[in-house]
Amino acid sequence: MSVLSVPPARLAPSRLTLPRWARALGLELKRNAVPYLLPLLAAVFYFDTIRTADGTPPVWTVRASVIDNDMLVEFSVFAAGLAAWAGSREGRRKTLDLVATTPRAVWARLSVALAGTLCWMLLAFIAGVAVLYIRTALQATWGGPPLWPVFVGVAEVTVVTVIGFTTGVLFPGRFTAPLAAIGVAALNMIGFREALGLTASSSTYALLSPSRGAPLIDSGVFSPVAPDVSIVQVMFMGGIAVALFGVLGLAPGLRQLASAGGLGSLRAVFADGDGWLPRAAAVILVACGGAAAATAFTLAGTAQPDPLAGTTTGGTVLGWTIPALHSAASDQPLPVLHDCTSGSGRQGTAGSGFQAVSGAGFQACVHPAFAFDLDAVAAALDPVGAEIAGLPGAPVRAEQVASTRGGVLAGSGISGNPPVFTYTAEQVGNMYGAFQGDPDTATSRAGFQQGLLNAFLTGPSRQAGPGPGGALDAAQQAVENGLMTAAGSPSLGTFTGMNMDGKVVTPATATAVSAAARRFAALPASARHAWLAAHLAALRAGSITLAQLP
Amino acid sequence: MNVTLADIHRSFGKNNAVDGVDLQLGAGVFGLLGPNGAGKTSLLRMLATVLPPSGGEIRLLERDPRRPAARREIRRRLGYLPQNLGYYPSFTVVEFIEYFALLKEMPSAAVPRAVAAAVERVDLGAKAKAKLRTLSGGMLRRVGIAQAIVNDPELLLLDEPTAGLDPEQRVQFRSLMRSLGEGATVVVSTHLVEDVGAACSEVALMSAGKIVFRGTPDELTARGEGHGIGDAPLERGYSAVLSAARS
């Protein structure tokens, strides 16, 4: 067909008339590189984020921490690389001259291209969060989805997309995209490492990195998580994103600056472009974004350890507050309405509060956020609770309390009248896996029982920490092992070596302890109970020897 | 006059790519000839408003391109095909041309019709939905021409437009240039003197950044009678003028 014999009627079908920017955005979305890599991103998301989340209990704050620590690393690497690829398109494909002859302002043109990548990445991120939260919602027994991690995630995906895109615009090349991705991955790793070891005496700028270590297992359960650090992170990343978006408005001149180098080319930054108004707006955005980021940086430097969040024994601070942003409302403990059972079966439901105990049934209580493990807790504690029921100092109830108290990690123990065994998810559950979503293995169960018996056998004045190797003397250890055997649990064995009190437990002593424990377990339940009633005070005082055990 | 150049200079370091060019162009097809490095592409890029001149005055479509508002208006009415056409391989023919129609700020409602017309004018209707990565070099050249004419430009700048086209396509394209030149100023930079002879009403020959000849193709042919070297009369005129300019 001759070009001059074109039938004018042979035209494209009429379409809904959209604004120019919407049609251009449609093209950018349709021909964006992100959809091609979405399957790979989805696979990484499943194998890292989802599987990591599945390994944590369905407690909202804990599950949401996976967004910052895992999901964002994956998404930011992809976002930076793909945005750099999109940003470098004009340079890579040598269309700079061609697009430069069009009246569309450079800023507007680049903004639409950036929006194409950003829309895809944010959609993917929100979809990922939705998957994570829906799975959590189906398992969680208390609380609701925290939104601040999502805001921080949106801010990080946005800022790394803008960083990648701007890098691609200014330094177009085939290696720009992988280098941008590697750079962002390195930034994440550095930020993670720095944030992980923050102590009270550290400079706290690493808090600007969204990545941090896993939170306490009951984080956000007994007291709210202060959003101070999240606010600063959003402000910091948002500020950088706004500033870089302004830089895109100066892109034509900056390209010359990048290629020519030297301060002499700086004039080009302000000479080129689409008129003084866009350039002035760009400069204002750069200034405002820079100011926001600088403010956030300064605020991060004023962070102080959050007494509610606590500190590990290694000194790592588990939560921070920013005084200028801190609200006293977030210091108020959340009302605790435990979910409890009794020895005769489950008495309450999540959020129903304590149930009155009648009779001798041992009652196990968990925070409703951990109600999914209530039966396992009861199954672990009820048998040993029955073994010591009615004895002086024997707990009538086991109750979960916050993992931190007064800024330090709390231990388990027996206190109050009637005596109550208090335990924390962090101290007991974390150690033995009772709250980690692990199957109720014999070991984790035995460990939990040991935590209760340690506290009982050492008495209120000298409670040992839970776990094997607690500072029990030989007789106490033998009684504990015997009680656990009688309760149907395997003994965790007798520790050999130097114990918490600095005493050396020899293998010979351990063998003797095992023999005594077997003898004690072989007694009828009533005989064990009667012996304990008669000798408990002496046993706790450490004046009973292995030979004196029945 | 759609193009008015007065003593235009453009230098890259110590190299004067364009050295004192004066030119006034109205409607019609204007051929720009010259050897490699003569300054044709630099002149075309200045006309396309992507390269500011180092000195001299330019007025395009009665406007001063140094003023942002005027430059934007010029660009709305401009079509440009660069010597090396960059393209986005994942775009289809229609999408690529539509993209540039949008960048040229055509009314949104007019874009589909204009894109379809441009596609048909370069005879790519059968490949309208093909990805650019699947097209041959000649087809890509036609895509480039289509994006240049999609906005029905008043000033059309074509740098080596027929490079890569087969003889039949070149014949068709010359017809297209003639029809476009009836209402617009078409500036064609080329090495192929037969394109100039067949399509251009006026021709200029550049050498070392200067215009050393300006006239009709017949006048250029006449310069070569008994002097120049080449197979065709226009080629002999071309070589004769160049020899004279260099001597």
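## A helix pair in chain A: H2 and H6

In chain A, the axes of helix H2 (residues 34–54) and helix H6 (residues 106–139) approach within 11 Å of each other and cross at roughly 30 degrees. That angle makes H2(A) roughly parallel to H6(A), and the crossing is right-handed. Keep in mind as you look at this that the model is predicted.

Which residues make the contact between the two helices? From H2(A) come Val34(A), Pro35(A), Leu38(A), Leu41(A), Phe45(A), Thr49(A) and Ala53(A). H6(A) answers with Thr117(A), Trp120(A), Met121(A), Ala124(A), Gly128(A) and Leu132(A). Sorted by class, the contact of H2(A) with H6(A) has 10 nonpolar residues, three polar and no charged ones.

The crossing of H16(A) past H17(A) is right-handed.

On the H16(A) side, the residues in contact are Ala474(A), Gln477(A), Ala478(A), Val479(A), Asn481(A), Gly482(A), Thr485(A) and Ala486(A). They meet Thr509(A), Ala512(A), Val513(A), Ala516(A), Ala517(A), Phe520(A) and Ala521(A) of H17(A). The contact of H16(A) with H17(A) splits into 10 nonpolar residues, five polar and no charged.

## The three-stranded sheet of chain B

Over in chain B, three strands make an open, antiparallel sheet in the order S2-S1-S4. Strand S2 (15–25) and strand S4 (55–60) of chain B are at the edges with a single partner strand each, so one side of each has no neighbour in the sheet. From one strand to the next, the twist averages 25 degrees.

Strand S1 (residues 3–12) of chain B is joined to S4(B) by five bridges, and the two run antiparallel. If you want one pair to click on, Leu5(B) has Ile58(B) of S4(B) as its bridge partner. Strand S1 of chain B also holds Asp7(B), which has a positive phi of about 50 degrees although it is not a glycine.

## The six-stranded sheet of chain B

Chain B has an open sheet of six strands as well, in the order S5-S6-S7-S3-S8-S9 and with mixed pairing. Which strands stand at its edges? They are strand S5 (78–81) and strand S9 (210–215) of chain B; each has a single partner strand, so one side of each goes without a neighbour in the sheet. On average, and ignoring direction, neighbouring strands here are turned by 15 degrees against each other.

Inside this sheet, strand S3 (residues 28–33) and strand S7 (residues 185–189) of chain B pair in the parallel sense over five bridges. Val29(B) is found opposite Val186(B) in S7(B).

## Where the chains meet

How many residues does each chain bring to the contact? Chain A puts in 34 residues and chain B 44 residues. Helix H1 (20–30) and helix H5 (96–100) of chain A each supply at least two residues of the side of chain A that touches chain B. By class, that side of chain A has 15 nonpolar, seven polar and 12 charged residues.

## A cis peptide bond in chain A

Most residues other than glycine have a negative phi, and most peptide bonds are trans. Against that background, have a look at Asn417(A) to Pro418(A), where the peptide bond is cis, with omega near 0 degrees. Pro418(A) sits in the loop between strand S9 (413–415) and strand S10 (420–424) of chain A.

## How confident is the predictor?

For the complex, the predictor gives an ipTM of 0.92 and a pTM of 0.86. Chain B averages a pLDDT of 91, with 100% of the residues scoring at least 70. Chain A averages a pLDDT of 82, and 82% of the residues score at least 70.

Two stretches of chain A deserve a mention here. Over residues 1–13 of chain A, pLDDT stays under 50, and the model has 26 contacts beyond four places in sequence for them.

Terms used
Residues are numbered from 1 along each chain as its sequence is written. Chains are lettered from A and ligands numbered from 1 in the order in which they are written. This is a predicted model: local features need pLDDT of at least 70, side-chain atom pairs count only at pLDDT 80 or more; totals for chains, interfaces and linings use all residues. Two strands pair if DSSP finds at least two bridges between them. Helices (H or I, at least four residues) and strands (E, at least two) are DSSP runs, numbered from the N terminus. Axes are lines fitted to C-alpha atoms, for helices over the stretch in contact, and angles run from 0 to 180 degrees between N-to-C directions. A crossing is left-handed if the near helix is turned anticlockwise from the far one by less than a right angle, and right-handed if clockwise. Two residues are in contact if their C-beta atoms, placed from the backbone, lie within 7 Å. Ala, Val, Leu, Ile, Met, Phe, Trp, Tyr, Cys and Pro count as nonpolar, Asp, Glu, Lys and Arg as charged, and the others, Gly among them, as polar. pLDDT is the predictor's confidence in each residue, from 0 to 100. Angles under 35 degrees count as roughly parallel, over 145 as roughly antiparallel, 65 to 115 as roughly perpendicular and the rest as oblique.
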